[in-house]
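Colleague: I am new to this one. Could you take me through some of its local features?

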Amino acid sequence: MNDPAEDLWKAWADGRLCIQNCTNCGALQHPPGPVCASCHATTLDLTDIAPTGKLVAWSTVHRAPSPTFADEVPYTIAVIALDPTTFIESRISPAVVESDLRVDMSVRLELGEIGGRAMPVVAGLV
Amino acid sequence: MKATILGAGESDRTPQPGRTAISMAVESSLAAISDAGIEIGEIDGVVTGYSLAERHLDFSADLAEALGVRPLWSQTISRSGATGSSVVVDAVLAVMGGACTTALAVWADNRVSGNPEDMTGALSASLNAFEVASGPLITTQYALIAHSYMSRTGATSEDLASVAVQFRKHASLNEAAKYRKLITIDDVLSSPMASSPLHRLECALVTDYGGAVVVTRADRGRQGAIDVLGFGEALSHSSILRNPDLFSTGKTAAGQSSRSAFEMAGVGPADLDMAQIYDCFTITVLMLMEDFGLCARGEAGAAVRDGMLDREGALPSNTNGGLLSCGSGGILHVTEAVRQMRGVAGSHQLASRPELALVHGNGGILGAQTTLILGRR
Ligand SMILES: [Zn+2]
């Protein structure tokens with residue numbers, strides 16, 4: 001069995017905007033795992049996603065948790081819903097003005113690099 | 001009735017060079033044994049929490065050996081912040097199940113004296129890798145949930161801050177609390193932002209701590225014992241991203257754990273006359289209050305501002321000052337409840353000894369929940 005986390009990191013690093021999905025019930029799942037939390041099948045894969053999501057919540061960090069991020073503070077972290085039950089946690093691009101943010105607004109996702117790692121980030125508002 | 005608590009003890013929490021977690025576990029255990037009025041040799045069960053600052057293959061084994069006992073049952077558990085309440089649940093299960101007769105339930109850690117490294121970083125790294133990747137603090141994870149709660153309910157930063165103000169007022173009367181100077185809502189809101197919308201004064205302290213209780217079979221209880229009338233545990237998630245409820249209804253598994261505990265005890269939230277609620281952040285208290293059914297969804301902030309949790313209010317809570325002003329370690333919620341109910345809380349003893357109390361531990365990022373219902377015999 002492949003490590004589902006490694007598979008997703010690698011796909012992102014390869015430039016593929018995708019998320020884990022269950023080939024049995026169709027549910028998306030994040031963070032990825034070996035078992036589908038909706039139907040408990042183990043038939044999990046990666047599926048491409050639309051480059052949009054809904055902004056659920058955000059928080060601005062003023063002191064980095066580790067040296068990896070020390071040069072980046074302050075930065076804003078968000079929870080973004082891909083569908084009503086699938087959430088990712090990522091950065092909001094510094095180009096986005098915080099006062100423009102609204103809960104439930106649509107945002108544009110694209111692969112970016114945070115702390116040296118490729119991952120989907122909020123690149124702008126829709 | 002399931003099992004009974006004979007006594008409680010706490011260690012000194014003043015940091016000192018070389019102060020070990022085991023020494024605080026021993027100090028609090030001896031205090032609990034003395035308060036219980038039993039001999040060390042009567043202990044035949046030991047359950048302890050984990051230490052973040054000090055390495056032990058099995059903390060309970062090292063504590064048992066330090067106390068010179070050879071228990072019939074022992075274990076070390078890790079349930080993050082809920083550990084303080086869960087060591088009591090496990091001790092109750094052990095004596096109910098016949099694995100032992102009289103168990104020590106202990107949690108101690110030298111988080112200041114024993115840990116020169118940045119605890120914040122170590123804790124953050126324990127989140128899911130897909131959370132850690134964007135650089136959140138533990139505080140950020142709670143802040144995201146707080147932001148969602150506030151936007152959904154209309155609760156304000158003043159509502160959240162009122163929790164810190166309330167518990168500081170309680171700490172001001174407690175000689176053993178770390179911070180005793182009264183604060184205002186403005187003080188909280190003008191303290192540095194930790195991770196918006198949570199300010200530094202809305203976050204739990206980091207201190208050394210040790211706490212212990214002696215749990216025995218109900219039939220060995222006596223006058224002054226505190227019965228464990230009910231308990232419940234529930235776990236909803238490890239990663240907040242896996243629990244959509246946190247961002248929709250704001251419900252946590254504390255609804256389930258408290259329901260189990262209330263049902264077992266045959267009481268409800270309106271019957272309580274004291275609560276000790278895990279207060280790692282201000283938001284935690286508001287959400288847990290609603291899960292317990294103490295107030296309607298979105299109304300906990302108003303209830304706190306109206307004085308519900310005040311020592312002279314409808315439900316005196318976190319009477320020692322809590323994690324926000326007294327000291328670290330969810331075990332202190334347990335020891336404080338027992339001491340108030342036994343009438344030995346000293347300078348901050350409530351005017352009337354509580355008869356029925358709720359103690360609640362929360363672990364992870366609102367994932368692991370443990371509720372105890374305690375009754376005075
Ligand atoms: Zn499935």
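What follows is a set of questions and answers on a metal site, some residues, a helix pair and some backbone angles.

Modeller: This is a predicted model, in which local features need pLDDT of at least 70 and side-chain atom pairs count only at pLDDT 80 or more, while totals for chains, interfaces and linings use all residues. Residues are numbered from 1 along each chain as its sequence is written, chains are lettered from A and ligands numbered from 1 in the order in which they are written, and side-chain values use heavy atoms, with hydrogens and water left out.

Colleague: What is the arrangement of the donor atoms around the zinc ion?

Modeller: The protein donors are the SG atoms of Cys22(A), Cys25(A), Cys36(A) and Cys39(A), lying 2.3 Å from the zinc ion. Donors are N, O and S atoms within 2.8 Å of the metal (3.2 Å for Na, K and Ca); water is not among the atoms, so sites may look incomplete. Four donors count as tetrahedral if all angles lie between 85 and 135 degrees. The 4 donor atoms here subtend angles of 103 to 114 degrees, so the arrangement is tetrahedral.

Colleague: Is Cys25(A) buried, partly exposed or exposed?

Modeller: Buried means under 20% relative accessible area, exposed over 50%, and partly exposed in between (1.4 Å probe, protein chains only). Cys39(A), with 28%, is partly exposed. Cys25(A) has 38% relative accessibility and so counts as partly exposed.

Colleague: Which side chain makes a polar contact with that of Ser60(B)?

Modeller: Ser60(B) sits in helix 2 (residues 59–67) of chain B, and its relative accessibility of 0% makes it buried. Leaving out residues up to four places away in sequence, Ser60(B) touches Val46(B), Thr48(B), Ser74(B), Gln75(B) and Thr76(B), where contact means heavy atoms within 4.5 Å. A polar contact is a pair of N or O atoms within 3.5 Å; within protein, one must be able to donate a hydrogen and the other to accept it, and residues adjacent in sequence count only if both atoms are side-chain atoms. At 2.7 Å, the partner side chain is that of Asp58(B).

Colleague: What is the length of the polar contact between the side chains of Glu10(B) and Arg339(B)?

Modeller: Glu10(B) belongs to strand 1 (residues 3–10) of chain B and is buried at 18% relative accessibility. Arg339(B) belongs to helix 13 (residues 331–342) of chain B and is partly exposed at 23%. The side chain of Glu10(B) also makes a polar contact of 3.0 Å with that of Arg13(B). For the side chains of Glu10(B) and Arg339(B), the polar contact is 3.4 Å.

Colleague: How far apart in space are Arg339(B) and Gly7(B), C-alpha to C-alpha?

Modeller: Beyond four places in sequence, the residues that Arg339(B) touches include Ala8(B) and Glu10(B). Arg339(B) and Gly7(B) are 332 residues apart in sequence, and their C-alpha to C-alpha distance is 8.0 Å.

Colleague: Is helix 7 of chain B roughly parallel or roughly perpendicular to helix 10 of chain B?

Modeller: Axes are lines fitted to C-alpha atoms, for helices over the stretch in contact, and angles run from 0 to 180 degrees between N-to-C directions. The axes of helix 7 (residues 157–171) and helix 10 (residues 282–292) of chain B come within 8 Å and cross at roughly 100 degrees. Angles under 35 degrees count as roughly parallel, over 145 as roughly antiparallel, 65 to 115 as roughly perpendicular and the rest as oblique. Helix 7 of chain B is therefore, relative to helix 10 of chain B, roughly perpendicular.

Colleague: Which residue is joined to Pro31(A) by a cis peptide bond?

Modeller: Most peptide bonds are trans. Pro31(A) lies in the loop between strand 2 and strand 3 of chain A. With omega about -5 degrees, the cis bond joins Pro31(A) to His30(A).

Colleague: What is phi of Asn318(B) near?

Modeller: Asn318(B) lies in the loop between helix 11 (300–305) and helix 12 (322–325) of chain B and is buried at 0%. Phi of this residue, which is not glycine, is positive, near 45 degrees.

Note on methods. Helix = DSSP H or I, 4+ residues; strand = E, 2+ residues; numbered from the N terminus. Tetrahedral: all angles 85-135°; square planar, octahedral: opposite > 155°, others 65-115°.
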